[in-house]
Amino acid sequence: MLYFQTWKVALILAVCALGVVFTLPNVFSSQTVASWPGFLPKHQVSLGLDLRGGSYLLLEVDMASVERDRLSNLVDELRTTLVARRIGYTHLGVSGDHAEVKLLDSSKYGEVHDAILKIDPNLQIASQSDGTITVKPTTDAVQNRERQTVDQSIEIVRRRIDETGTREATIQREGDRRILVELPGISNPEHVKALLGKTARLTFQMVEANASVEDALHGHIPPGDELLPASESRPGLPSNYVVHRRILVSGDMLTDAQPTFQENEPVVSFKFDSVGARRFGEATKVNVGKLFAIVLDNKVISAPVIREPILGGQGVIEGNFTVQSANDLALLLRAGALPAPLTVIEERTVGPELGADSIREGTTASIVGIALVVVFMFVFYGLFGLFADVALFFNLCIMMAALTLLDATLTLPGIAGIALTMGMAVDANVLIYERIREEVRAGRSLISSLQAGFERAFGTILDSHVTTLVAGALMFWLGSGPVKGFAVTLSLGVLTSLFSAILVTRLLIVTWLRRFKPKVIPI
Amino acid sequence: MFRRPLIVIRRIPNIDFMGLRRFGFALSALMTIGSIVLFAVNGLNYGIDFSGGIVIEARTPQPANLGAMRTELDGLGVGQVQLQGFGSPNDVMIRVQRQTGGDAAQEQAVTKVKQALGPGVTYLSTNVVGPTIGAELIRAGTIATILALIAIAIYVWFRFEWQFGIGAMLSTLHDTVTTIGLFSLLRVEFNLTTLAAILTIAGYSINDTVVIYDRVRETMRRYKTMDFTTLINKSLNETLSRTILTVSTTALAVLSLFFFGGQVLHGFSIAMLWGIVVGTYSSLFIAAPMLYYIRPKGVHGRGGEAAPAPAASPAGAPESPRAKTGAP
């Protein structure tokens with residue numbers, strides 16, 4: 001017990017040395033560290049948004065609207081199919097999570113069943129006793145759609161944020177249908193939120209020439225048409241439009257969009273890909289003299305007259321833009337449309353001043369706390385207390401090095417965790433030293449007291465540390481953001497304190513024994 | 001200077017903890033019931049982590065005119081708005097109640113408030129929690145706390161015997177419940193870091209209990225015929241200096257967090273301080289005396305006469321103190 005093999009000594013010293021070396025970059029500013037020679041480690045622990053300042057946004061993908069759209073498309077498809085096959089029906093519509101239809105002739109069920117599966121094989125069809133057929137997507141299909149929708153949304157969110165020039169943004173999936181966005185250095189994320197809040201689905205649709213908006217407002221919408229509001233009310237222009245449901249061209253066929261000026265007004269110029277250009281050209285050729293609507297998220301931005309066929313696949317969107325809104329629209333069009341609306345369900349933004357305050361307060365509290373513990377240990381244990389203090393120093397270094405190397409994120413509660421574990425770490429020393437005292441009181445010799453102290457205290461130390469690790473693991477598992485940061489430092493601190501309090505302290509005591517050959521234990 | 005420490009605890013105290021057990025149980029029962037009643041009647045002062053809502057810390061270019069600001073924000077139709085100065089006279093904390101109308105409504109309210117405050121204002125922090133997240137966090141927090149209690153009980157049960165597991169769980173439960181009671185009484189904001197503190201308390205308070213149980217078990221093996229009351233008293237007194245020293249170092253760390261750690265860690269350090277004190281108290285006055293009532297194996301009758309044990313194994317016996325008892 002009191003003898004260390006050489007390789008063990010080497011290993012303990014190496015771990016301590018590495019701890020110090022990898023902690024060092026955290027003590028200096030990043031500029032100083034950058035000027036160090038190449039062989040020294042330069043990696044610094046990454047600070048959480050609550051310390052460096054920045055914005056944390058948790059977005060939820062609105063899957064309900066995706067499923068609603070899917071069902072209403074399904075109803076359209078059912079209608080087309082039934083009409084094409086001349087099968088009589090009533091009560092066609094969406095009800096809850098499924099579409100339903102009642103056949104006039106229930107003997108046609110088999111035919112309808114097969115026809116529906118031809119629309120989409122991933123549909124679940126059931127018939128009820130009153131002849132109503134219910135159709136809904138299978139659970140697998142819903143899950144697949146959810147996964148794809150969230151994946152696509154993440155991609156679009158990433159493109160939009162990249163386009164704004166934000167550096168070091170983190171965008172990742174969280175749970176099934178959530179997206180976590182972290183924007184370091186952004187202390188007022190209103191603009192980003194506005195950009196992410198738009199679906200940005202752009203379509204070009206013809207304006208219905210043979211219907212009046214007044215009639216449509218009273219519910220008389222011609223079949224195949226829809227009533228859309230204008231994106232903003234402007235004098236001299238209608239506030240609603242009746243447009244064809246059929247989409248001539250949509251935003252996913254754009255290859256580029258840029259803000260520019262036309263007659264000193266900000267506009268957005270766009271360019272179609274070859275398919276889009278051909279379709280746009282054909283549509284404009286046959287509709288010269290008519291109006292077409294440029295629709296963004298079901299609102300009409302503008303409805304210009306087609307003066308001549310537009311064959312080059314290029315055009316501009318006009319619509320009372322400011323420089324900012326033209327920029328934003330161009331950005332959204334370049335990045336593409338979101339497959340589903342996003343809602344911000346949690347926002348945590350910390351400005352740089354508050355972050356700096358937190359670092360200062362957290363560091364002060366930790367230093368004062370550690371200093372008090374160091375003095376306390378010396379007062380109550382003398383030389384052995386100093387040994388414990390040395391071990392505590394290495395404990396701190398190894399812990400910081402581990403945080404740095406694991407690329408863990410340090411948060412303010414994380415700093416609290418460091419201060420707390422420093423207070424708790426010396427518990428192992430206290431347990432060992434108290435045990436040694438008891439053995440000395442029981443009349444044992446110096447060596448055997450030390451030996452028994454370390455041996456007997458070990459089990460107790462292990463038991464009492466495991467329970468803290470259990471709490472730490474649960475916090476990491478169930479906690480979010482800052483609490484996770486606390487769980488990491490708490491658990492790491494408990495682990496490193498096992499090493500430092502037991503091995504480092506023991507090595508120090510053994511070395512002291514050999515060198516000074518003491519007659520009594522000074523505690 | 002290094003011959004001996006500045007302060008040496010030489011004497012092993014001889015406090016009759018078992019004699020005080022009725023007092024301890026009564027006090028704990030009172031505190032536990034009081035906490036439950038307080039929680040039921042008073043509830044907790046949930047921060048926005050759990051209740052949902054908006055908290056914005058803003059810094060205005062001139063000293064903030066709270067009255068004018070309040071009039072302006074009240075006119076926005078975002079419901080109840082609380083303003084509070086903090087730090088310098090330019091700093092204002094704006095709390096807006098949770099908006100009805102789901103998650104999207106929270107963000108709209110933030111935009112409204114920021115527009116109303118105008119462009120000159122810098123934002124120290126903005127926290128918005130929608131009702132979905134708030135409800136989830138409460139659920140996750142409750143689950144984590146219950147799981148922590150169960151996991152700790154199971155661990156103690158594995159390492160000791162089930163009687164110890166029950167004692168450990170009850171005393172930890174007592175610590176957790178009274179911490180919640182304290183927060184209900186003081187109306188200190190209960191937020192995510194407070195919850196982290198409660199979980200840490202669960203892990204920490206069990207630490208003391210485990211150390212004491214370890215000693216009880218060891219003493220039980222060594223003095224098989226000792227009267228159980230004496231045995232528990234002896235174990236508690238022998239570990240008392242360790243208990244006090246460990247509590248002190250942890251308390252030093254937490255006190256410095258309380259005084260220097262800033263406002264964000266305030267709730268956390270209050271919870272931890274209480275947890276350290278009550279955790280130690282419960283180890284001494286609940287966890288250990290409880291063993292008297294739910295006797296672990298190897299303890300027979302009050303006097304222990306029924307144990308026809310051989311002579312106490314001498315100190316330094318090869319048997320590891322950690323090994324499980326071999327009793328069937």
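Trainee: At what angle do α7(B) and helix α9 (residues 266-293) of chain B pack?

Mentor: Keep in mind that this model is predicted. The axes of α7(B) and α9(B) lie 8 Å apart. The two helices pack at an angle of about 30°.

Trainee: Are α7(B) and α9(B) roughly parallel or roughly antiparallel to each other?

Mentor: Start from the angle, about 30°. Angles under 35 degrees count as roughly parallel. Therefore α7(B) and α9(B) are, to each other, roughly parallel.

Trainee: Is the crossing of α7(B) and α9(B) left-handed or right-handed? And how many residues of their contact are nonpolar?

Mentor: Where α7(B) passes α9(B), the crossing is right-handed. The residues of this contact include eleven polar and one charged. The nonpolar ones number 14.

Trainee: Now the two chains. Which element gives the most to the side of chain B that touches chain A?

Mentor: Chain A puts 70 residues into the contact, and chain B puts in 68. On chain B, several elements each supply at least two residues, among them α4 (102-117), α5 (131-159) and α8 (228-260). One element gives the most, with 14 residues: α8(B).

Trainee: How many residues on the side of chain B that touches chain A are charged?

Mentor: Sort that side by class. It has 37 nonpolar and 20 polar residues. The charged residues number eleven.

Notes:
Residues are numbered from 1 along each chain as its sequence is written. Chains are lettered from A and ligands numbered from 1 in the order in which they are written. This is a predicted model: local features need pLDDT of at least 70, side-chain atom pairs count only at pLDDT 80 or more; totals for chains, interfaces and linings use all residues. Two residues are in contact if their C-beta atoms, placed from the backbone, lie within 7 Å. Helices (H or I, at least four residues) and strands (E, at least two) are DSSP runs, numbered from the N terminus. Ala, Val, Leu, Ile, Met, Phe, Trp, Tyr, Cys and Pro count as nonpolar, Asp, Glu, Lys and Arg as charged, and the others, Gly among them, as polar. Axes are lines fitted to C-alpha atoms, for helices over the stretch in contact, and angles run from 0 to 180 degrees between N-to-C directions. Angles under 35 degrees count as roughly parallel, over 145 as roughly antiparallel, 65 to 115 as roughly perpendicular and the rest as oblique. A crossing is left-handed if the near helix is turned anticlockwise from the far one by less than a right angle, and right-handed if clockwise.
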